[in-house]
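Here is a briefing on one protein model. Look at the sequence and the structure first, then read the points below.

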Amino acid sequence: MKTIHITSREELPQVARAVVELLGRRTVVAFRGAMGAGKTTLIREIVALLGAEDTVTSPTFAIVNQYKGDGGRRICHFDFYRIDDIREAYDFGYEEYFYSGDVCLVEWPEKIEPLLPDNAIEVRIAVDSETARTFEIE
């Protein structure tokens, strides 16, 4: 496990680099943290690092947003906050995304825990203060 403590948003790119470096053959990253912890903000940094120039916003209502990274690689950004029943993930075909080889960045993975691949990267975000965060990445 890697732990990174930051005291300002300007330090967030180092966290994004740490996550991207761990990807390798893995493609699913689960982001855990309280509302407002900075999950979408970190995902915005990761998406930019992967070469996408799209505007990254939380797909709270759409459930998934797609971006195009370097070499046309698809990056899928999920927000399962509004999922009330795990069957909803089946309905929109989560398997086609998670097992496609595309990078899948998942907010609120707790809502679909049994569906996450065993090799998913876990990123836990703890709010230390208004500007400080601790990230545990494994």
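A residue is called buried under 20% relative accessible area, exposed over 50% and partly exposed in between, with a 1.4 Å probe and protein chains only. The model is predicted: local features need pLDDT of at least 70, side-chain atom pairs count only at pLDDT 80 or more, and totals for chains, interfaces and linings use all residues. Residues are numbered from 1 along each chain as its sequence is written, and side-chain values use heavy atoms, with hydrogens and water left out.

**Helix α2**

- Helices (H or I, at least four residues) and strands (E, at least two) are DSSP runs, numbered from the N terminus.
- Helix α2 spans residues 39–49, and its buried residues are Lys39, Thr40, Thr41, Leu42, Ile43, Ile46 and Val47.
- Arginine 44 also belongs to helix α2, and it counts as partly exposed because its relative accessible area is 36%.
- The side chain of arginine 44 comes within 3.2 Å of the backbone oxygen of valine 56.
- After α2 comes glycine 51, which has a positive phi, near 95°.

**Glutamate 107**

- Strand β5 (residues 103–107) contains glutamate 107.
- Glutamate 107 is buried but has no salt bridge (a side-chain nitrogen of Lys or Arg within 4 Å of a carboxyl oxygen of Asp or Glu).
- The nearest side chain of opposite charge is that of lysine 39, 4.9 Å away; Lys and Arg count as positive and Asp and Glu as negative, while His and the chain ends are not counted.
- The side chain of glutamate 107 makes polar contacts with the side chains of threonine 40, at 2.7 Å, and histidine 77, at 2.6 Å.
- A polar contact is a pair of N or O atoms within 3.5 Å; within protein, one must be able to donate a hydrogen and the other to accept it, and residues adjacent in sequence count only if both atoms are side-chain atoms.

- Isoleucine 63 has a positive phi, near 75°, although it is not glycine.
- Isoleucine 63 sits in the loop between α2 and β3 (64–68), and it counts as buried because its relative accessibility is 18%.
- Tryptophan 108, another residue other than glycine, has a positive phi near 60°.
- The loop between β5 and β6 (121–127) holds tryptophan 108, which counts as buried because its relative accessibility is 16%.
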